[in-house]
Amino acid sequence: MTAKSELLVAALTRLLRSYIDLTLTSSHLTGALITEVVHLPDDQRRTIRRLQHDYVGEWVHLLTTETPDLPEPEARLITQAVLAIVNDLARIQHLRRRPRLDDDLAALGQAVLTSPRPATP
């Protein structure tokens, strides 16, 4: 692995850990954002959606820089999958009591981010 590649992997890991920490410490707010954004006034909803799109774009940029042959739409799907895993599992009350849930979520996220990609024709 090159030094650049190691830096990109480290950046993705920090981004994943940061998102997990935010989601676990503010799961009620994350849940409200996910489920209630559709009820905001149009201008506020557009602003939130743009911020979400930009945030996902940061993940996609890191993924496609780390894996140049990864198409952007696939990188976006992978990113959304990781975020969905964290968002959904962090809101399940009995799982929130699980010791080291943050590490479990990080392992799941890393597995999705680094899983082998099927060859595309």
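Predicted model: local features only at pLDDT ≥ 70, side-chain atom pairs only at ≥ 80, totals over all residues.

User: What makes the contact between Arg91 and Asp88 a salt bridge?

Analyst: The closest N and O atoms of Arg91 and Asp88 are 3.6 Å apart. Residues are numbered from 1 along each chain as its sequence is written, and side-chain values use heavy atoms, leaving out hydrogens and water.

User: Why is Arg91 called partly exposed?

Analyst: Its relative accessible area is 32%. Buried means under 20%, exposed means over 50%, and partly exposed is in between (1.4 Å probe, protein chains only), so Arg91 is partly exposed. Asp88, at 42%, is partly exposed too.

User: How many salt bridges are there, and which one has Asp103 in it?

Analyst: There are seven in the structure. Asp103 meets Arg17, with 2.7 Å from N to O. This pair links distant parts of the chain, as Asp103 is in helix H6 and Arg17 in helix H1, 86 residues apart. Helices here are DSSP runs (H or I, at least four residues), and strands are E runs of at least two, numbered from the N terminus. Arg17 and Asp103 also join Arg100 and Asp102 in a network of salt bridges.

User: What separates Asp42 from Arg45 in helix H3?

Analyst: About one helical turn, because they are three residues apart in helix H3. An α-helix has 3.6 residues a turn, so residues three or four places apart point the same way. Asp42 and Arg45 form a salt bridge, with the closest N and O atoms 2.4 Å apart.

User: Why is the pair of Tyr19 and Tyr55 called tilted?

Analyst: Rings of Phe, Tyr and Trp (its six-membered ring) pair if their centres lie within 6.5 Å; planes under 30 degrees apart are stacked, over 60 edge-to-face, and the rest tilted. By this rule there are two aromatic pairs. The centres of Tyr19 and Tyr55 are 5.9 Å apart and the planes stand at 35°, so this pair is tilted. Tyr19 sits in helix H1 and Tyr55 in helix H3, 36 residues apart.

User: And what makes Tyr55 and Trp59 edge-to-face?

Analyst: Their ring centres are 6.2 Å apart and their planes are at 70°, so the pair is edge-to-face. Ring pairs link Tyr19, Tyr55 and Trp59 into a cluster. Trp59 is buried, with a relative accessible area of 0%, whereas Tyr55 is partly exposed at 29%.

User: Which residues of H6 are buried, and where do they lie?

Analyst: Leu101, Leu105, Ala106, Gly109 and Leu113 are buried. Seen down the axis of H6, they fall within an arc of 135°, so they line one face of the helix. The arc is that of the directions from the helix axis to the C-beta atoms.

Note on methods:
Salt bridge = Lys/Arg side-chain N within 4 Å of Asp/Glu carboxyl O.
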